[in-house]
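Dear colleague,

Please read the notes with the model open beside you.

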Amino acid sequence: MFFVRTASDRDLDKVRALLIETWHATYDTFYGVEKVNELTERWHSLPALKARLARKNAEFLVADDGRQVGGMGYAAMSDTQPKTAVLHQLYVLPKFQRQGIGRDIFAELETCFPDAERMRVEVEPQNLHALAFYRAHGFTEVGETANCGDEQSGLPAVILEKRLLG
Ligand SMILES: CC(C)(COP(=O)(O)OP(=O)(O)OC[C@H]1O[C@@H](n2cnc3c(N)ncnc32)[C@H](O)[C@@H]1OP(=O)(O)O)[C@@H](O)C(=O)NCCC(=O)NCCS
């Protein structure tokens, strides 16, 4: 049984391993192994994860069953858009997907930002499973970007938003 809780420094090795495995399973066919390795080094290094843990106006959650971390989620208030929380990461290990862990992490994350009127997420257009998940959780498409994640990524994404109840 997995429980959702705030992440700590002690979780970061497991979170990094989860991200490496889940990223390869999700994105190798879209981006290629090399590109996934490169992005993983940049975005999922221990220093990058530590910086996320330390960030203010942000929530870093893990789903943990006492032995392993089965999922993680990270969201933060936007620096550029008013009253907007951005869901930067939501990842569940492949062997635990479709068992309600993503839903449980998201349910917690969407209650963490009382000042936000909306939550925003960027999704790879070919990632139909993630798009189905977000649509099932009340997100609708509002636009697209050519640079998902950071300004030089070169990765296209669909932008979806959900209105949050104040
Ligand atoms: C997308 C992801 C976070 C969803 O988490 P999960 O734990 O697998 O999903 P849940 O079991 O909580 O699903 C909740 C609901 O979302 C929808 N859903 C989830 N996965 C789906 C899929 N593959 N196809 C269609 N609908 C899906 C369903 O409505 C599901 O409810 P149901 O199982 O009762 O039908 C997870 O599958 C994942 O990590 N995928 C790979 C990485 C990824 O794409 N992350 C998102 C990046 S933006």
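**The sheet and its helices**

Helix H1 lies across strands E2, E3 and E4, and it runs at about 95° to E3. Helices (H or I, at least four residues) and strands (E, at least two) are DSSP runs, numbered from the N terminus. Two residues are in contact if their C-beta atoms, placed from the backbone, lie within 7 Å. Axes are lines fitted to C-alpha atoms, for helices over the stretch in contact, and angles run from 0 to 180 degrees between N-to-C directions. Helix H5 lies across E5 and strand E7 (157-163), and its direction makes an angle of about 165° with E5.

Before going further, please keep in mind that this is a predicted model, in which local features need pLDDT of at least 70 and side-chain atom pairs count only at pLDDT 80 or more, while totals for chains, interfaces and linings use all residues. Residues are numbered from 1 along each chain as its sequence is written.

The strands form an open sheet of seven, in the order E1-E2-E3-E4-E5-E7-E6, with mixed pairing; two strands pair if DSSP finds at least two bridges between them. Strand E1 (3-6) and strand E6 (140-145) are the edge strands, each of which pairs on one side only. From one strand to the next, the twist averages 25°.

Several of the pairs can be followed residue by residue. E2 (residues 58-64) and E3 (residues 69-77) are antiparallel and pair over seven bridges, and Glu59 stands opposite Ala75 in E3. E5 and E7 are also paired in the antiparallel sense, over six bridges, with Val158 in E7 as the bridge partner of Val123. E6 and E7 run antiparallel and are joined by five bridges, and here Glu141 has Leu160 in E7 as its bridge partner.

**The nonpolar core**

A nonpolar core is a set of buried Ala, Val, Leu, Ile, Met, Phe, Trp, Tyr and Cys residues joined through C-beta atoms within 7 Å, where buried means that 20 or more other C-beta atoms lie within 10 Å of a residue's own. The largest such core has 35 residues, of which Val15, Leu61, Val62, Met72, Leu87, Ile105 and Val121 touch the most other members. E4 gives the most to this core, with six residues. Leaving aside residues up to four places away in sequence, Val15 touches Ala7, Leu49, Val62, Val69 and Met72.

**Around the ligand**

There are 20 residues around the ligand, and Gln97, Gly102, Arg103, His129 and Ala132 come nearest; a residue is near a molecule if its C-beta atom, placed from the backbone, lies within 6 Å of it. The largest share of this shell, five residues, comes from H5.

Most residues other than glycine have a negative phi. Because Lys83 has 13 C-beta neighbours inside 10 Å, it counts as partly exposed, a class that lies between buried and exposed (12 or fewer). Arg98, in the loop between E4 and H4, likewise has a positive phi, near 65°, and with 11 C-beta neighbours inside 10 Å Arg98 counts as exposed.

With best wishes
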